[in-house]
Amino acid sequence: MIPKELLKKIRKLEIQTKGIVNTLFGGEYQSAFKGRGMEFTEVRAYTYGDDIRQIDWNVTARTGDPFIKIFEEEREQTLMLCIDISQSGTFGSQSQSKMDLAIELCAVLAFSAIKNSDKVGLVLFSDHIEKVVPPKKGRTHVLRLIRELFTTKPTGTGTDIADALSYINRLLDRRAIVVLASDFRDDKFEKQLRITNQKHDLVSIIINDHLEDELPDIGLVTLRDAETRAEKIVDTSSKKVRKAYKVKRMEQKAYIHDMMLKMKIDAVEVQTNQSYVKPLMNFFQRRGSRY
């Protein structure tokens, strides 16, 4: 049995995100993620007026009679949501955590996908794969995905993006839309990022919290790493300490940004203290204008 409180949260999120999808993102999603084009289905005998460019010369040569290839537009796609649920996602300086924001974004994308008759699947990961839900269609399936996002607690202590992407590449035997949502507190995943981007239509959602960008001046504080649980006493009243922290954080963000740019990976940056609607709309419009 699903607890009533959880059902209430899922229902509230469904109403909220479906409203956004219906008014803003439904058509934008379809424009941004085109189908794979025309797919070969069969051959048939040539008849007068057929396009000679579609003649299947192999079959024609084998049978001695002209045959043409028949194609159908392949509309259905698969959206695979690959979500980082490591402990660093629990941080949030405003009314929501990074994980709360990831859940809402996933709901928007999933409802947009099923409105377009696409399948949606889910991979949740920390330093290993935590949960996998194979792609399917329909509202009931999307509600299951949302439930898993709310209820799956990580057993891992860290983040391994390379392992998650490697799993996705083994799992999906056809080209798909892969949305990787994370705060990207990891390294050594560049190779798998490149491979996934070559095999699939990869989109990165970079989830940040503004309080992580610089330390406030509040004196001596104990900072705890959400994933390793290591603690360190830091004197935030020191300008030197605050500057060093900020420089390192800016370097980390620049590294991720430059990596995405170099590989030509579409990236959407969102903040827990700001609405995701504008960044997501801008992303859809950028994508749509390219096709």
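Guide: Start with handedness. A crossing is left-handed if the near helix is turned anticlockwise from the far one by less than a right angle, and right-handed if clockwise. Keep in mind that this is a predicted model.

Visitor: Is the crossing of helix 5 and helix 6 left-handed or right-handed?

Guide: Helix 5 and helix 6 cross in a left-handed way. The contact draws on Ala162, Leu165, Ser166 and Asn169 from helix 5. Helix 6 brings Gln192, Leu193, Ile195, Thr196 and Lys199. Sorted by class, the contact has four nonpolar, four polar and one charged residues.

Visitor: At what angle do helix 5 and helix 6 pack?

Guide: The angle is about 30°, and the axes lie 9 Å apart. Helix 5 covers residues 161-171, and helix 6 covers residues 190-199. Angles under 35 degrees count as roughly parallel. Helix 5 and helix 6 are therefore roughly parallel to each other.

Visitor: Now the cysteines. What is a disulfide?

Guide: A disulfide is a covalent bond between the sulfur atoms of two cysteines. To call one here, the two sulfur atoms must be within 2.5 Å.

Visitor: How many disulfides does that rule give?

Guide: The count is zero. Take cysteine 82: its nearest cysteine sulfur belongs to cysteine 106, 9.8 Å away. Cysteine 106 is in no disulfide either, with the sulfur of cysteine 82 as its nearest.

Visitor: Is cysteine 82 buried or exposed?

Guide: Buried means under 20% relative accessible area. Cysteine 82 has 0% relative accessibility, so cysteine 82 counts as buried. Cysteine 106, at 3%, also counts as buried.

Notes
Residues are numbered from 1 along each chain as its sequence is written. This is a predicted model: local features need pLDDT of at least 70, side-chain atom pairs count only at pLDDT 80 or more; totals for chains, interfaces and linings use all residues. Side-chain values use heavy atoms; hydrogens and water are left out. Axes are lines fitted to C-alpha atoms, for helices over the stretch in contact, and angles run from 0 to 180 degrees between N-to-C directions. Helices (H or I, at least four residues) and strands (E, at least two) are DSSP runs, numbered from the N terminus. Angles under 35 degrees count as roughly parallel, over 145 as roughly antiparallel, 65 to 115 as roughly perpendicular and the rest as oblique. Contact means heavy atoms within 4.5 Å. Ala, Val, Leu, Ile, Met, Phe, Trp, Tyr, Cys and Pro count as nonpolar, Asp, Glu, Lys and Arg as charged, and the others, Gly among them, as polar. Buried means under 20% relative accessible area, exposed over 50%, partly exposed in between (1.4 Å probe, protein chains only).
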